[in-house]
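User: Could you walk me through the pockets and the ligand site in this one? I'd like the cut-offs along the way.

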Amino acid sequence: MRKPFIAGNWKMHKTINEATDFGELFVQKLKDEQVDLSKVDVAIFAPYIHMSALKVIFLLRGIDVGAQNMFYEDKGAFTGEISPSMLSDLGIERVIIGHSERRKYFGETSAACARKIKAAYTHDIRPVLCVGEDLEDREAGSHKDAVRKMLLDSLDGVQAVEAEFAAVAYEPLWAIGTGKTATPEQAEEMAALIRSVLAEKYGSKVADDMIIQYGGSVKSTNIAELMAKEDIDGALVGGASLDAAEFAKIVAFDDSVKKESLKQVSVKNVLKKDN
Ligand code: PGA
């Protein structure tokens, strides 16, 4: 059973007042949109310093607050880093790992991602592992190889029980913050590829249960067609998650079929399609 998972990635945006204003308004907008939070998981990946305040607002409201990054060590002389134990101490249960901006601007490697995923697991923090190809790979037709490699390297040494605790976000770099969304077909092709790689590594049972999100210029006007695709179980939303009304509309995406049935897809079908 895969429950849709829609998450906002605020990146380095909002002051504390803007964050708390968003929180109050978002709760209201979800009500206005008549979102049933038992049918969709929702999270905001906020800057660290806003997490506590948002958690208070979202308490008992079924909205998670997550971190955008963490280090893999528990404590020590690592100036500027935040540890998994600090996050779990705050009651944070989700973290983004290996976002393309971390990889690009802060030199985060896939090997570091693998260590972070293992560390997250030991603290009951559910990671969202981001993978995606750049424009060069897409234009050269090597995007599938690039994503396969990034996924396998980021899961190197990660056991099935640790992996199944994670979600994977497919985020093509050329679609992030550009206004240029992958077509639903392109997104589905890559989500299906990711599921088949997960199935090869961990078996179809684990792969079947794992959440795969799409990310890259998701908006209220394109979420439904993306969510209608078989292997896309959710979205990681950047820019459009900064606006409470717009993000509530995204969470309310109109695919009642997926929300109702929390459908199960056989990886056998995915593998068949891939061959
Ligand atoms: P975007 O960002 O929705 O602004 O394209 C997505 C992301 O980076 O997670």
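Pockets and ligand

Analyst: The second largest pocket has a volume of about 280 Å³, where a pocket is an open set of points on a 1 Å grid over the protein atoms alone, fitting a 1.4 Å probe, with protein on both sides within 12 Å along at least five of seven lines, and a volume is the space filled by probe spheres set on the points, joined across faces, edges and corners. Of the 21 residues that line this pocket, the closest to its centre are G177, S217, G238, G239 and A240, lining meaning an atom within 4 Å of a point. This is a predicted model, with local features needing pLDDT of at least 70 and side-chain atom pairs pLDDT 80 or more, while totals for chains, interfaces and linings use all residues. Residues are numbered from 1 along each chain as its sequence is written, and side-chain values use heavy atoms, without hydrogens and water.

User: Which pocket does the ligand take?

Analyst: The ligand takes the space of the second largest pocket, the criterion being that more than half of its atoms lie within 2 Å of the grid points.

User: And which polar atoms lie 2.7 Å from a ligand oxygen?

Analyst: An N or O atom in the side chain of K11 is 2.7 Å from an oxygen atom of the ligand, and a polar side-chain atom of E171 also lies 2.7 Å from a ligand oxygen.

User: What about the backbone of G177?

Analyst: A backbone N or O atom of G177 lies 2.6 Å from an oxygen atom of the ligand.

User: Switching topic, how much space is in the largest pocket?

Analyst: About 520 Å³ of space lies in the largest pocket, and among the 17 residues lining this pocket, K11, M12, Q68, R102 and F106 are the closest to its centre.

Notes: Polar contact = N/O pair within 3.5 Å; in protein donor to acceptor, adjacent residues only side chain to side chain.
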